[in-house]
Amino acid sequence: MDSNPALLREVRLYENHSEREQMENMSELFAVLNALECLEKMYSRDYISNEDYKVECFKLLDQYKVTMRLVHGTNVEGFASKYRLHCPAALERIHEGRPITVKDDKGNVFKNIAVIVEVFITFFDQLKLNVRAVDELFPNLNELYTSINAMSTLPEDFDGRAKVKAWHDRLSTMSASEEITDEEARQMIFELEAAYSSFIKFLHTQQH
């Protein structure tokens, strides 16, 4: 059986040294984003200690900053979209610029409270309007989880944190194209409304 020379011809990904460097830098960026996404999932599932997570997260964020300066003509969201890299947790960590375990109120407690209340309400509205797709629900749920963790005035045993984390972890294991069931949505509303009530109750105790 004769082989077609055209099919056996080597495909070159670059034509010169500059293009080769760009390709290597893009590969490095892809690897860093993938590693950061995996790290966030490991931490959310309690597979890694707080200290180890913090060290590795800072390391990957530093690697991202260096690599991103070397990749030309794109931003991180465009890069992830172009190469079909689903990494919402990594992108959130990059935008925050710090591990989720590092608090960053910086005097913006009232702003953080406003964000948490707004996202709670927005998320409830989504569920009550029958939004069920993971890729539509997860961004707000992730923002809620991040904002609660960033609020250092909340006690460690705040029960609302565990409820939000449980649903955050659950949706983070699902693919973007999946949908939650109506039963899951009903349970989510029930549990997160309880978390919201606990948060409001906590705010009232801080006023006395």
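Trainee: What makes helix α7 largely enclosed by the rest of the structure?
Mentor: 13 of the 17 residues of α7 are buried, so the helix is largely enclosed. Buried means under 20% relative accessible area, exposed over 50% and partly exposed in between, with a 1.4 Å probe and protein chains only. Helices here are DSSP runs of H or I with at least four residues, numbered from the N terminus. Do keep in mind that this is a predicted model, where local features need pLDDT of at least 70, side-chain atom pairs count only at pLDDT 80 or more, and totals for chains, interfaces and linings use all residues. Residues are numbered from 1 along each chain as its sequence is written, and side-chain values use heavy atoms, leaving out hydrogens and water.

Trainee: Why is serine 147 called buried?
Mentor: Its relative accessibility is 9%, so serine 147 counts as buried. Serine 147 lies in α7 and, leaving aside neighbours within four places in sequence, is in contact (heavy atoms within 4.5 Å) with Asn112, Val115 and Ile116.

Trainee: And why is glutamate 40 called buried?
Mentor: Its relative accessible area is 9%, so glutamate 40 is buried too. Glutamate 40 sits in helix α2, residues 17-44. Beyond its neighbours within four places in sequence, glutamate 40 is in contact with Tyr53, Cys57, Ala89 and Arg93.

Trainee: What makes cysteine 57 buried?
Mentor: Cysteine 57 has a relative accessible area of 0%, so the term applies.

How values were computed:
Helices (H or I, at least four residues) and strands (E, at least two) are DSSP runs, numbered from the N terminus.
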